[in-house]
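Please walk through the structure shown here, with attention to helix packing and to the backbone in the loops.

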Amino acid sequence: MVTRLYTHPIFLEHITPPGHPERPDRLRAIERVLDDEAFAALDRAEAPEGDEATILYAHPEQFVARVRAAIPDTGIARIDADTTASPKSWQAAVTAIGAANAAVDDVFERRADNVFVAARPPGHHAEKTTSMGFCLFNTAAIAARYAQRKHGAERVAIVDWDVHHGNGTQDIFWDDPSVLYCSTHQMPLYPGTGARSETGAGNIVNAPLAPRTGSDMFRDAFLSRVLPALDNFAPDLIIISAGFDAHHRDPLAEINLTEDDFDWATGQLIECAGRHSGNRLVSLLEGGYDLQGLAFSVAAHVGRLMKG
């Protein structure tokens with residue numbers, strides 16, 4: 001298996017206020033853990049700057065212009081109660097999109113079997129016309145549309161194991177049966193969406209988890225809801241919204257997973273990609289706010305991607 005890693009120094013320049021959980025140190029923790037010799041075979045590449053036109057695959061032009069106008073020349077601008085932008089945030093967000101789209105190119109053009117994109121800001125809370133939850137644009141949604149437009153993918157699956165429900169991804173694909181969205185997440189918790197009854201056009205599969213849930217219930221949700229939906233859908237590409245804030249150390253939630261659970265879930269999706277998607281799998285970093293829990297979980301995730 002060839003696993004590629006995309007990252008870029010610009011992601012460290014998306015500055016958030018002191019004490020904000022979505023901070024540059026998250027990527028520094030990931031960089032340190034992936035510097036270990038166990039990851040010597042990882043194919044590392046600098047993320048390319050994205051084509052801004054691809055943002056319109058998931059967001060209307062007026063909204064994109066509004067986000068651009070909100071980027072400050074100096075200091076930090078507040079987008080909503082917990083979402084901010086700094087002078088380099090636009091470039092960081094566009095480069096995150098460029099990395100995700102390049103990852104899609106890599107797996108369709110056989111330069112890699114799977115790709116992990118270590119980027120920020122995250123994306124899965126960004127709705128069609130709303131930036132929120134630390135997210136400016138919905139990178140996973142743009143990448144899914146890019147796979148359809150550039151590579152003719154008929155069916156794209158997005159699997160989101162971030163502890164917070166990806167309301168933005170659900171919003172964008174609510175009535176689009178060509179994209180399957182599956183989410184495991186704590187409920188109740190921000191942003192308040194993600195009930196099992198929210199099914200869209202039959203393409204939305206939510207598996208909410210009660211607070212203090214551990215490995216058994218998480219794995220059962222995968223085995224009973226997520227994996228059967230994927231097998232029934234038979235995607236041409238699997239995109240993971242890979243948040244690691246369901247780790248038991250994370251300060252923003254109450255799910256008690258370990259890095260072994262992320263290793264296991266990654267393995268399940270690799271097997272699914274092997275059955276349906278020609279091994280094509282792209283993983284995009286979302287949440288994860290305890291630096292040790294994040295680093296260990298990413299190490300387990302990327303290690304499993306490399307093993308296949």
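Is Ala-234 buried, partly exposed or exposed? The model is a predicted one, and in it Ala-234 has a relative accessibility of 22%, so this residue counts as partly exposed; the cut-off for buried is under 20%. Ala-234 sits in the loop that runs between helix 6 and strand 9 (237-242). Its phi is near 55°, a positive value in a residue other than glycine. Most residues other than glycine have a negative phi.

Arg-212 also has a positive phi, near 70°, and is not a glycine. This residue belongs to the loop between strand 8 and helix 6 (215-233). With a relative accessible area of 61%, Arg-212 is exposed, because exposed means over 50%.

Most peptide bonds are trans. The bond from Arg-120 to Pro-121, however, is cis, with omega near 5°. Pro-121 is placed in the loop between strand 5 (114-117) and helix 4. The bond from Tyr-190 to Pro-191 is cis as well, again with omega near 5°. Here the proline, Pro-191, lies in the loop connecting strand 7 (179-186) and strand 8 (204-209).

An unreviewed UniProt entry places the feature "domain: Histone deacetylase" at residues 20-303.

The crossing of helix 3 and helix 4 is right-handed. From helix 3 the contact takes in Ala-96, Ile-97, Ala-100, Asn-101, Val-104, Asp-105 and Phe-108; from helix 4 it takes in Thr-139, Ile-142, Ala-143, Tyr-146, Ala-147, Lys-150 and His-151. By class, the residues of this contact between helix 3 and helix 4 are 9 nonpolar, 3 polar and 2 charged.

Thr-139, in helix 4, can be followed individually. Its relative accessibility is 10%, so Thr-139 counts as buried. Apart from neighbours within four places in sequence, Thr-139 is in contact with Ala-96, Ile-97 and Ala-100, and also with Gly-123 and Leu-284.

A second pair is formed by helix 7 (residues 259-276) and helix 8, which pack at an angle of about 25° with axes 8 Å apart. Helix 7 and helix 8 are therefore roughly parallel to each other, and their crossing is right-handed. Helix 7 contributes Glu-259, Phe-262, Asp-263, Thr-266, Gly-267 and Ile-270 to the contact, while helix 8 contributes Phe-296, Ser-297, Ala-300, His-301, Arg-304 and Leu-305. The contact of helix 7 with helix 8 has 5 nonpolar, 4 polar and 3 charged residues.

Where does Gln-292 lie? Gln-292 is part of helix 8 (residues 291-307). At 38% relative accessibility, Gln-292 counts as partly exposed. Its C-alpha atom is separated by 9.2 Å from that of Asp-250, although Gln-292 and Asp-250 are 42 residues apart along the chain.

Notes
Residues are numbered from 1 along each chain as its sequence is written. This is a predicted model: local features need pLDDT of at least 70, side-chain atom pairs count only at pLDDT 80 or more; totals for chains, interfaces and linings use all residues. Side-chain values use heavy atoms; hydrogens and water are left out. UniProt positions are given in the numbering used here, feature names are shortened, and annotations may be inferred rather than shown by experiment. A crossing is left-handed if the near helix is turned anticlockwise from the far one by less than a right angle, and right-handed if clockwise. Helices (H or I, at least four residues) and strands (E, at least two) are DSSP runs, numbered from the N terminus. Contact means heavy atoms within 4.5 Å. Ala, Val, Leu, Ile, Met, Phe, Trp, Tyr, Cys and Pro count as nonpolar, Asp, Glu, Lys and Arg as charged, and the others, Gly among them, as polar. Buried means under 20% relative accessible area, exposed over 50%, partly exposed in between (1.4 Å probe, protein chains only). Axes are lines fitted to C-alpha atoms, for helices over the stretch in contact, and angles run from 0 to 180 degrees between N-to-C directions. Angles under 35 degrees count as roughly parallel, over 145 as roughly antiparallel, 65 to 115 as roughly perpendicular and the rest as oblique.
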